[in-house]
Number of protein chains: 2
Amino acid sequence: MLVKKLILQKLREKGLKITPQRLAIIEVLMEKNDDHPGAGAIYREAQKKRKGISLSTVYSTLGELSRQGIVKTLQFDQMENRYEGNVGEHINLICKGCGKIVDYETPLLIDPAKIAKKTGFRMLDSRLEYYGYCRECANRPKQKGDKRQ
Amino acid sequence: MLVKKLILQKLREKGLKITPQRLAIIEVLMEKNDDHPGAGAIYREAQKKRKGISLSTVYSTLGELSRQGIVKTLQFDQMENRYEGNVGEHINLICKGCGKIVDYETPLLIDPAKIAKKTGFRMLDSRLEYYGYCRECANRPKQKGDKRQ
DNA sequence: ACTTTAATAAGGAATGGTTCCGAATTAATA
DNA sequence: TATTAATTCGGAACCATTCCTTATTAAAGT
């Protein structure tokens, strides 16, 4: 979960500056965390808080936060990257109809130690996604040209 | 696992044509399946089998095979999409050092029926990835400027 | 074998999210 | 304040992927 105080502390520790732009972006991430917003959405929201902020600043800040392990970047087919503050292991349920992403919490699935023993692979982080249709999209009557499976 | 005969049968069933270009691409996918090759690599290999094949044909064929559930498209940060013939549920161990992708087979992890009951989400397919370092990259002595975590 | 036709291939242009670059600005120290 | 390294901005560049148009061709019928 994103906590402003902890984020700022982490940035300071790393010698990174606290700028109005970064504050705006962090606030947006906290407010819109459940949406798993993309860079474009974050940019538009951040504009409301601090007009004049540039898209490249949004990208570089998101990159920095991602590098610091504060947010997680999710990249997709056919849609822009999305960012989430829940960096713990969980499953993202991704709707192919409306693009909505919902977190599904589960206990740790596979023991990284077991994988390391079997394959020598040292696991650092994970990305677990289920694709399908959310309740609303699954129940919506089929339209002409609907690509639903 | 990719079996040529079954792939061709599936294409015919759907009224899709068997062209020399598609045959070349399917052969490349079968030969290089363990590499989880990207569109560029598939293009270069397919050129060897049938010179003159175009990149857009490679893309459209991969798109068609993906739509038919014959291959699975994996999209990544900072690297081109990769394609794999193993469409069953398994974990992809992805090395941050060399980009190598290895399949790790596991029994079904989370019951889709349980998710459906709890959230109404109807799961169709999954993408499970662990990021880290393979045995070789983990053991390689740290270089100057090494970004390893 | 021909004919027909819908599917496909090719080549190049367009797209669009993301990254990169250089100059100007600024936060955080001394 | 002065210093300086980090950051911002704007726009250009990037590049994997998609789109578009025309020509070609596989497949099924005659």
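1. Helices (H or I, at least four residues) and strands (E, at least two) are DSSP runs, numbered from the N terminus. On that basis chain A has six helices and five strands. Along its sequence, chain A follows the pattern α-α-α-α-β-β-β-β-α-β-α.

2. The model is predicted: local features need pLDDT of at least 70, side-chain atom pairs count only at pLDDT 80 or more, and totals for chains, interfaces and linings use all residues. Residues are numbered from 1 along each chain as its sequence is written, while chains are lettered from A and ligands numbered from 1 in the order in which they are written.

3. Overall form of chain A. Taken along the principal axes, the C-alpha atoms of chain A fill a box of roughly 50 × 50 × 20 Å. A residue is called buried if 20 or more other C-beta atoms lie within 10 Å of its own, exposed if 12 or fewer, and partly exposed in between, with C-beta atoms placed from the backbone. Of the 149 residues of chain A, 24% count as buried. Two residues are in contact if their C-beta atoms, placed from the backbone, lie within 7 Å. Among the contacts in chain A with a separation of 6 or more, 51% join residues 24 or more positions apart.

4. Domains of chain A. Chain A is divided into domain 1 (4-82) and domain 2 (88-139), the bounds coming from an automatic or database domain assignment. The centres of these two domains of chain A, taken over C-alpha atoms, are separated by 22 Å. Four residues from domain 1 of chain A and four residues from domain 2 of chain A make up the contact. On the domain 1 side of chain A, the touching residues divide into two nonpolar, one polar and one charged. In this note Ala, Val, Leu, Ile, Met, Phe, Trp, Tyr, Cys and Pro count as nonpolar, Asp, Glu, Lys and Arg as charged, and the others, Gly among them, as polar.

5. Relation of the two chains. Chain B is superposed on chain A by a rotation of 180° with 0.0 Å of shift along its axis (RMSD 0.1 Å); this is the relation of a two-fold axis. In chain B, the C-alpha nearest the axis belongs to Leu128(B), 2.3 Å from it. The superposition is by least squares on the C-alpha atoms of residues with pLDDT of at least 70 in both copies.

6. The interface between the chains. The contact takes 31 residues from chain B and 31 residues from chain A. On the side of chain B that touches chain A, the elements giving two or more residues are β1 (72-76), β3, β4 (101-105), α5 (112-119), β5 and α6 (135-139) of chain B. The most comes from β5(B), with twelve residues. By class, this side of chain B has 17 nonpolar, eight polar and six charged residues. The copies meet through the same surface, because 100% of the interface residues of chain B are also interface residues in chain A.

7. The nonpolar core. A nonpolar core is a set of buried Ala, Val, Leu, Ile, Met, Phe, Trp, Tyr and Cys residues joined through C-beta atoms within 7 Å. The largest such core has 18 residues, and those with the most contacts inside it are Leu93(A), Tyr130(A) and Leu93(B). At least two residues of this core are supplied by each of β3 (91-95) and β5 (122-133) of chain A and β3 (90-95) and β5 (122-133) of chain B. Not counting residues up to four places away in sequence, Leu93(A) touches Val102(A), Tyr104(A), Tyr130(A), Ile115(B), Thr119(B) and Phe121(B).

8. DNA strand C. A residue is near a strand if its C-beta atom, placed from the backbone, lies within 6 Å of it. Of the 24 residues around DNA strand C, Ile18(A), Ser56(A), Asn81(A), Leu16(B) and Thr57(B) come nearest. The surface near DNA strand C takes the most from α4(B), with four residues. Its residues divide into six nonpolar, 14 polar and four charged.

9. DNA strand D. Of the 25 residues around DNA strand D, Leu16(A), Thr19(A), Thr57(A), Ile18(B) and Asn81(B) come nearest. At least two residues of the surface near DNA strand D come from each of α2 (20-31) and α4 (55-67) of chain A and α4 (55-67) and β2 (79-84) of chain B. Seven nonpolar, 14 polar and four charged residues form this surface.

10. A backbone detail. His36(A) has a positive phi of about 50° although it is not a glycine. This residue, His36(A), lies in the loop between α2 and α3 (39-49) of chain A and is buried, with 22 other C-beta atoms within 10 Å. In chain B, His36(B) also has a positive phi of about 50°.
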